[in-house]
Amino acid sequence: MTHESRFDPWTSHQVITISDESVGLRAVIALDDLRLGPGFGGVRMRPYSDAYAAIDEAQRLARAMTFKHALAELPYGGAKSVIVDDGRARDADARRALFERFGDAVAATGGRYIPGVDMFTTLADMAVIRSRGATVYCADADPSPWTARGVFAAMKAGAAGVLQASSLDGLVVAVQGVGSVGADLARLAAADGARLVVADIDPQRAATVAEEVGGSVASVEQVATTACDIFAPCAVARVITPSVIPALSCRLIVGAANDTLDSPECDELLRERGITFVPDYVANAGGVIHEHARALAWAQADLERAVEAIGRRVTGLIEEAGPGGSLVGAALERGRRRLRAAHD
Ligand code: NAI
């Protein structure tokens, strides 16, 4: 095995590998833990250095989904799938054929895996998977605005509990990545009085959002370490690394990006620096709550209440962790309690 991982590969409920060379499909479905319900989690499509890297990413992300659903009190297990993008599905027909075969594999799980959109997959791809008889979420609505609302609720709760700030008024919030979620989050924070610093690899997007919210633009290289009260990672995974932590100059980290911490010890290193990290899978659950609400045809008011509850959850975790304590530890403990209770 060439790929190095700290994830124990034997701890997943089930890992399914799929290959159909006739359409260039190589994919992995990881079902992490199904005690709370069928495994729900997005389909990610990107290049991987080798098969082990793809399997490892699917398993790690599926584990985070287990805790995301447990913490959000949703009736789903944790799952994730990855499709290896090796450039073979170049045109629309080839992509469709690939997603049809992948859809067959999803349908064969008999509803134990429910896919949704993730990095580099689209609502149209989900519609193709659904056309093969699979249960699919996110096939016709973008969850991002609800993810942003949930992250904002988590940010407000973090500001209150950690920074003793009753609003974001006057606080500096740095947002890394102003795409679907980050731009909405920047708008919500600005409306609450925050001063925004934004960055994006798309300079035009960064400039447009900065102008809209009356904020400034930071470089992609420097946004994580820019002087701010709250850093909100809303772009890529694993931006908080042991080498970045000494240079951070925020007091609170809360954002949408899945898998924000490069490794588990980063949480300890952050606390040594007096920086509180709100677990990404707690803050960014608004999207899955939205999908669940759509599947069950909830009223809008119920959806809003459930997404706002993310803020109360963060407040509870801050209390459970105690001064200087780990919100990651408190969240994992809560999640494990819920999983044990489902098992009993
Ligand atoms: P998006 O693709 O709409 O936006 C990401 C933005 O980040 C883009 O504008 C992109 O140009 C920018 N970006 C990429 N790499 C960057 C870098 N190194 N530095 C600065 N900017 C960079 O994605 P979306 O939907 O807004 O998601 C953002 C993050 O939140 C992702 O990590 C995603 O997995 C996570 N997430 C999203 C949910 C949703 O409902 N959309 C739900 C839960 C998690």
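Which residue forms a salt bridge with arginine 60? Select arginine 60 and look across to aspartate 259: that is the partner, with the closest N and O atoms 2.3 Å apart. Keep in mind that this is a predicted model, so every distance on this tour is computed from predicted coordinates.

Stop 1: The contact between them draws on 14 residues of domain 1 and nine residues of domain 2.

**Stop 2: the interface.** Show the surface where the two colours meet. Domain 1 and domain 2 bury about 1000 Å² between them, and 61% of that is on carbon and sulfur atoms. On the domain 1 side, pick out Leu36, Phe40 and Arg60: these lose the most area to domain 2, together 38% of what that side buries. For polar contacts across the interface, the rule finds two residue pairs, both at pLDDT 80 or more.

**Stop 3: what domain 1 brings to the contact.** Now select β3 (39-46) and α1 (51-71), each of which supplies at least two residues of the side that touches domain 2. α1 gives the most, with five residues. Colour that side by class and you get seven nonpolar, one polar and six charged residues.

Stop 4: Next, select arginine 95 and aspartate 125. They form a salt bridge, with the closest N and O atoms 2.6 Å apart. Arginine 95 is in helix α2 (residues 92-108) and aspartate 125 is in helix α3 (residues 123-131), so the pair ties together parts that are 30 residues apart in sequence. A search of the whole structure finds 28 salt bridges.

**Last stop: zoom out.** Switch to cartoon and you'll have 11 helices and 11 strands in view. The radius of gyration is 20 Å, close to the 20 Å that the globule rule gives for 344 residues, so the protein is as compact as a globular protein of that length. Along the principal axes, the C-alpha atoms fill a box of roughly 55 × 50 × 45 Å.

Conventions
Residues numbered from 1 in each chain as written. Predicted model: local features only at pLDDT ≥ 70, side-chain atom pairs only at ≥ 80, totals over all residues. Heavy atoms only, no water. Contact = heavy atoms within 4.5 Å. Buried area = accessible area lost by both parts, 1.4 Å probe. Salt bridge = Lys/Arg side-chain N within 4 Å of Asp/Glu carboxyl O. Polar contact = N/O pair within 3.5 Å; in protein donor to acceptor, adjacent residues only side chain to side chain. Helix = DSSP H or I, 4+ residues; strand = E, 2+ residues; numbered from the N terminus. Nonpolar A, V, L, I, M, F, W, Y, C, P; charged D, E, K, R; others polar. Rg over C-alpha atoms; globule rule 2.2 N^0.38 Å.
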